[in-house]
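Reader: Could we go through the side-chain packing and pairing here, one topic at a time?
Author: Gladly; here is the model to look at first.

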Amino acid sequence: MIKPSLLTLVSGGSYAQREVAIATSLLHYPADQTIAVVLEGLPDGANSLSDIASIQLHRIAPGCMCCIGNLAMRVTLNRILRHPPIRLFLGVSSTDHLEKIIQFLQQDAYKALLLLEQDIKI
C-alpha cells in the first residue's frame, strides 16, 4: 500500500509571502525527504524556493484553483503523485474557495494519496 503524501495548504498573502512561509516550513524537515511544492501564480521578485535543490517545484498560472485552475491543478497533482513525495505543499492565493479546494483534494482520486496535515493561512 502506498503511504499518502502529507499535504500542507498555504493560502492568502502575496506570492512571495507564501513562498517564504513554505521555505521556512522546510527548515523543520530532514533534507533527505522528498518534497514537492505547487505554487499558484508567478514569482514577483526573489524566489525563496528556487535555490533549494531537494524540492520538486511546480508553478501554476494564477487563477482560482477550484474554478478556472482545476484542470491545471489536477494535471500537476497527477504528475507529482506518480512518484509520491513524503510532503506536498500547495500554495494558493485566495482563501475564498479554500473549502472547495479541500473537497477536491478529498475526492476518491486523491483520498488515499493525500493526507491533509496542516493549513497555513497568511
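**Aromatic pairs, cores and salt bridges**

Author: To begin with two rings, Phe104 and Tyr110 are both buried, where buried means under 20% relative accessible area, exposed over 50% and partly exposed in between (1.4 Å probe, protein chains only). This is a predicted model, in which local features need pLDDT of at least 70 and side-chain atom pairs count only at pLDDT 80 or more, while totals for chains, interfaces and linings use all residues. Residues are numbered from 1 along each chain as its sequence is written, and side-chain values use heavy atoms, with hydrogens and water left out.

Reader: How many aromatic pairs does the structure hold?
Author: There are two, counting rings of Phe, Tyr and Trp (its six-membered ring) whose centres lie within 6.5 Å, with planes under 30 degrees apart called stacked, over 60 edge-to-face and the rest tilted. Tyr29 and Phe89 form a tilted pair, 6.3 Å centre to centre with 55° between the planes.

Reader: Which parts does the pair of Tyr29 and Phe89 tie together?
Author: Tyr29 lies in the loop between helix H1 (15-26) and strand S2 (35-40) and Phe89 in strand S4 (residues 87-92), so the pair connects parts 60 residues apart in sequence; helices (H or I, at least four residues) and strands (E, at least two) are DSSP runs, numbered from the N terminus. Phe89 is buried at a relative accessible area of 1%.

Reader: Switching topic, which residues have the most contacts inside the largest nonpolar core?
Author: They are Leu77, Leu88, Leu90, Leu105 and Leu114, in a core of 19 residues, a core being a set of buried Ala, Val, Leu, Ile, Met, Phe, Trp, Tyr and Cys residues joined through side-chain atoms within 4.5 Å. Helix H3 (98-105) is among the elements that each supply at least two residues, and the largest share, five residues, comes from H3.

Reader: And salt bridges, how many does a search of the whole structure find?
Author: Three, each a side-chain nitrogen of Lys or Arg within 4 Å of a carboxyl oxygen of Asp or Glu. Arg59 and Glu19 meet at 4.0 Å, N to O, and they link strand S3 (residues 55-60) with helix H1, 40 residues apart.

Reader: Is Glu19 buried or exposed?
Author: Glu19 is buried, with a relative accessible area of 1%, whereas Arg59 counts as partly exposed at 32%.

Reader: What about Asp108 and Lys111?
Author: Their side chains form a salt bridge at 3.4 Å, N to O, and both residues are exposed.
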